[in-house]
Amino acid sequence: TSALLSGRRDVIVVSSVSCIYGMGNPSDFYENIIQVKVGDVVGRNKFLHQLVQSLYSRTTGDFARGNFRVKGDTVDVFIASDDFAYRFHFFGDEIELIEIIDPFNNTVFEEIEEVRIFPATIFVTTKERMKSSMTQIQDDLVERLEQFVQGGQPLEAKRLEDRVNYDLEMMRELGYCSGIENYSRYFDGRLPESRPFCLLDYFPDDYLMMVDESHVTISQINAMYGGDRARKENLVEYGFRLPAAKDNRPLKFEEFEGLTNQVIYVSATPANYELEKSEGVYVEQVIRPTGLLDPTIEVRPSANQIDDLLEEIRIRIEKQERVLVTTLTKRMAEELAKYLADVNIKTRYIHSDIDTMERVEILRELRMGIVDVLVGINLLREGLDLPEVSLVAILDADKEGFLRSNRSLTQTIGRAARHINGTAVLYADKITKSMQSTLDETNRRRAKQIAYNEEHGLTPTALNKGIDMMIQSHASVRGKSYKSTEEMQMELGVAADPVIAYMSKEQLEKAILETKKNMERSAKELDFMQAAQFRDELFALQEKLKSK
């Protein structure tokens, strides 16, 4: 939001489907931007008041995003949208110096002449609108309480009264409250059931949208409203929220379509919607710069499929290559992983019950060779870039359905397309329509790729992608750098560190608290691998503490 409102024309925003969720009014957000430059005459107290209006919180303890701290004539502001802070030096009522600093070690990066401080949250409003909104909230509360009392629901009435009155008190004192987005309709001045503002409202009219993996993303956008509505209905019915909370919602699909102008749908298996919107016109990207081909596909009988799979796995392990196996159910995935482990195959399974942080760790273990085989159901598809995987095995490929549709088969087989010897084995007793479509399309693409390579003298080259590139999007930010695999392995030897070995019990407890804080900070910033490192370090320190 900050970059979009800065007026720049070279902004790229990478967002999930959360871009259709409710946000604050762009005009209110813009009105609360604080513009400051060296030489401005503004009282320090007035400047602090402006920060509070923009929903920054004063602190004397932990300096986190959205906080500011005051030390004499110096004010530090930790920007909500970045990993650095601004330091303002006052000389009387004049701003004498502005610096960009590291908020953790106070290192000064550079001096600047001018700065724009954007609000700490996306739900920010003006004083006048806050007052009128609070009046509306109180009126709606009285009306809703009457409905509960007349309906014989005194418990729900009491619950709602306590919740809303507490929120109103927080708004009067601090200018915001926990869950303030549930009152966004009042602050935005919208009518009931009207469309909320969202990230797309912050873009200029001529922006370009690219929908990655559109065959999945479009379906998710279409389903968002219904899932959110069902949850909000329960919150309102049982007195947890006012009915206005239902208007803090994701966009309906037709509302999303109304906000799009120029759209590029990107997918290896586009759905009917995208093909209809493009009127059948599309651009194919079949040739890879590395010359790699789509994997060869073999269809084998499902009788004795596990024994055959085991033999193929052993061949890949000897070559130090990795294997993905897809099953139809969670239980089958778990049982197969257990069986393979029993015959000394390093195996893990992955499905929807495995949390996100653990999934990243499992995938990294697969790439590092700690694990040779990964068993899954529907997660071994879009977005997985695993150059070490040379074999994808699909069990019960002839069981027609969503998991064995043409799109699902194509996406799953594509996980082996990053390897020179990429192969897919489909275990089936018959060739279904979906399997045949997948075979025909893959053979068509391979023929094009082979012809292009021969014409241009291109030899397929293995994809050289470092393991740490999986999470490099969280790399260096102003004095911060992401730790490589080797650095992490060195640091995970913390338990053997001679300094740690001679720490007292009190020193270990202090180190544990500091490590836990670092772990939570990394997780909050979505640096999951960094958080995993701190977690392992935490466990090692706790074991040391137990031995004291």
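Let me begin at Gly 152, which takes a positive phi of about 70° just after helix H3, where helices (H or I, at least four residues) and strands (E, at least two) are DSSP runs numbered from the N terminus. This is a predicted model, in which local features need pLDDT of at least 70 and side-chain atom pairs count only at pLDDT 80 or more, while totals for chains, interfaces and linings use all residues. Residues are numbered from 1 along each chain as its sequence is written, and side-chain values use heavy atoms, with hydrogens and water left out.

Helix H3 itself has 24 residues and reaches 35 Å from its first C-alpha to its last, close to the 34 Å expected at 1.5 Å a residue, the expected span being 1.5 Å times one less than the number of residues. Among the residues buried in H3 are Met 130, Met 134, Ile 137, Leu 141 and Leu 145; buried here means under 20% relative accessible area, exposed means over 50%, and partly exposed lies in between, with a 1.4 Å probe and protein chains only. An α-helix has 3.6 residues a turn, so residues three or four places apart point the same way. What covers the buried residues of H3 includes helix H4 (154-174), helix H5 (184-188) and H6, where contact means heavy atoms within 4.5 Å.

That brings us to H6, residues 214-237, which has 24 residues and reaches 35 Å from first C-alpha to last, close to the expected 34 Å. Where is H6 kinked? The kink, of about 35°, is centred on Ala 223, the bend at a residue being the angle between axes fitted to the seven residues ending there and the seven starting there. Just after H6, Gly 239 takes a positive phi of about 80°.Turning to the strands, six of them form an open sheet in the order E2-E3-E4-E5-E6-E7, with mixed pairing, where two strands pair if DSSP finds at least two bridges between them. The edge strands are E2 (57-58) and E7 (108-112), each of which pairs on one side only. Within this sheet, strand E4 (residues 74-78) and strand E5 (residues 85-91) run antiparallel and are joined by five bridges, and the bridge partner of Val 75 in E5 is Phe 88.

How many salt bridges does a search of the whole structure find? The search finds 38, a salt bridge being a side-chain nitrogen of Lys or Arg within 4 Å of a carboxyl oxygen of Asp or Glu. One of them joins the side chains of Asp 385 and Arg 418, at 2.8 Å from N to O. This pair links distant parts of the chain, 33 residues apart, with Asp 385 in the loop between strands E14 (373-376) and E15 (389-394), and Arg 418 in the loop between H12 and strand E16 (423-427). Asp 385 counts as partly exposed because its relative accessible area is 22%, and Arg 418 is likewise partly exposed, at 23%.

Lys 399 forms salt bridges with Asp 396, the closest N and O atoms being 3.9 Å apart, and with Asp 398, at 3.6 Å. Lys 399 is partly exposed, with a relative accessible area of 43%, whereas Asp 396 is buried at 14% and Asp 398 is buried at 9%. Elsewhere, salt bridges that share partners join Glu 298, Arg 300, Asp 308, Glu 312, Arg 316 and Glu 321 into one network.
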